[in-house]
Amino acid sequence: MAEQRRMRENGGLSQMLRDHLTEWSERTGIAVEVWALPEREVPPKVADNVYATVREALDNVERHSGARVVSIALTVGRSGLRLTVSDEGRGFEAGTTGRGLVAMRAYFAEIGGRLTVNPVPGAGTTVSGFVPAEELTR
Ligand SMILES: Nc1ncnc2c1ncn2[C@@H]1O[C@H](COP(=O)(O)OP(=O)(O)OP(=O)(O)O)[C@@H](O)[C@H]1O
Ligand SMILES: [Mg+2]
């Protein structure tokens, strides 16, 4: 609840993400390319879980990837919400798991969505999440 109030007071999900990305990029020295952030608001629970997912994805980029650049796209369109966080770091072997990867999938499952993590060893990692439009009107 506190997080949801903070979210509203701080201008919604896109503004919260912009603030976090700026702070994170300054601290880590990793450049962030923001391809898209939505104008439309989403339900508070969706906003919370998407925000938590981006934080974990960036935490992994910082701690494990060795990447110098990460790109992020979040769109809310007719079909639903789409999130992509993609780095060009070292990737990892399929089958690797951990609390963060499990948590990101759970954040999307909780809001009626799906999330996959696609690592390519030596090339990078892409986290992709989708929430169907009907889950955004509840
Ligand atoms: N973006 C990434 N680039 C390279 N390796 C990654 C990336 N994301 C995850 N990994 C690998 O997958 C493992 C599991 O990630 P996960 O987030 O589940 O755990 P963690 O970050 O090690 O610990 P935590 O529970 O604090 O998140 C990591 O230890 C790392 O080896
Ligand atoms: Mg992690």
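The model is predicted: local features need pLDDT of at least 70, side-chain atom pairs count only at pLDDT 80 or more, and totals for chains, interfaces and linings use all residues. Residues are numbered from 1 along each chain as written, chains are lettered from A and ligands numbered from 1 in written order, and side-chain values use heavy atoms, without hydrogens or water.

**Stop 1: ligand 1.** The shell holds 15 residues, of which Glu-56, Asn-60, His-64, Gly-98 and Leu-101 come nearest. By class, 2 are nonpolar, 9 polar and 4 charged.

**Stop 2: polar contacts.** These are pairs of N or O atoms within 3.5 Å. Show the side chain of His-64: an N or O atom there is 2.7 Å from an oxygen of ligand 1. For the side chain of Arg-63, the distance from such an atom to a ligand oxygen is 3.1 Å. At Arg-99, switch to the backbone, where an N or O atom lies 3.4 Å from an oxygen of ligand 1. Alone, ligand 1 exposes 600 Å², and the protein buries 79% of that (Shrake-Rupley areas, 1.4 Å probe).

**Stop 3: helices.** Colour helix H3 (44–65) and helix H4 (99–110), the elements that give two or more residues to the ligand shell. H3 gives the most, with 5 residues. Helices here are DSSP runs of H or I, at least four residues long; strands are E runs of at least two, and both are numbered from the N terminus.

**Stop 4: strands.** Select S2 (residues 69–76) and S3 (residues 80–87), an antiparallel pair joined by 7 bridges. Pairing requires at least two DSSP bridges. S2 and S3 form a hairpin with 3 residues between them. Pick Ser-71; its bridge partner in S3 is Ser-86.

Finish at Asp-87, whose bridge partner in S5 is Thr-125.

Key
A residue is near a molecule or strand if one of its heavy atoms lies within 4 Å of it. A polar contact is a pair of N or O atoms within 3.5 Å; within protein, one must be able to donate a hydrogen and the other to accept it, and residues adjacent in sequence count only if both atoms are side-chain atoms. Ala, Val, Leu, Ile, Met, Phe, Trp, Tyr, Cys and Pro count as nonpolar, Asp, Glu, Lys and Arg as charged, and the others, Gly among them, as polar.
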